[in-house]
Amino acid sequence: AAFAEGLEAGGHGFWFGPLESPYGAHLVVVTEREDARLPELAAVRGAVRELWREEAEERGFREALRALRAEHPVDDRRSVE
């Protein structure tokens, strides 16, 4: 957050800093700024579909694993002889 605030406060077209981030200290030059915007659905549809598919697959895997564990309990205590 501090890095982003430093970028916002810094100038345009010249070097400034150092700005601290989790990766260290940085000298920065901003050469272009673009206002934030929400992308059109058509531009992100493929990525959204893929993310949805991955999440659905992960949910299905977790549900199947939960069902198997309920059906076949495992005693993970090790016997010592």
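This is a predicted model: local features need pLDDT of at least 70, side-chain atom pairs count only at pLDDT 80 or more; totals for chains, interfaces and linings use all residues.
**Exercise 1.** Work out how exposed Leu51 is and where Leu51 sits.

*Solution.* Start with the surface: Leu51 has a relative accessible area of 45%, so call Leu51 partly exposed (buried is under 20%, exposed over 50%, partly exposed in between, with a 1.4 Å probe and protein chains only).

Residues are numbered from 1 along each chain as its sequence is written, and side-chain values use heavy atoms, leaving out hydrogens and water.

**Exercise 2.** Find what the salt bridge between Glu8 and Arg33 ties together.

*Solution.* First, check the contact: the closest N and O atoms of Glu8 and Arg33 are 3.8 Å apart (a salt bridge needs a side-chain nitrogen of Lys or Arg within 4 Å of a carboxyl oxygen of Asp or Glu). Then locate both ends: Glu8 is in helix H1 (residues 2-9) and Arg33 in the loop between strand S2 (24-29) and H2, so the pair links parts 25 residues apart in sequence. Finally, Glu8 is exposed at 60%, while Arg33 is partly exposed at 40%.

**Exercise 3.** Describe the pairing of Arg62 with Glu58.

*Solution.* Their side chains form a salt bridge of 3.4 Å, N to O. Both residues lie in helix H2, four residues apart, about one turn of the helix.

Technical notes:
Helices (H or I, at least four residues) and strands (E, at least two) are DSSP runs, numbered from the N terminus.
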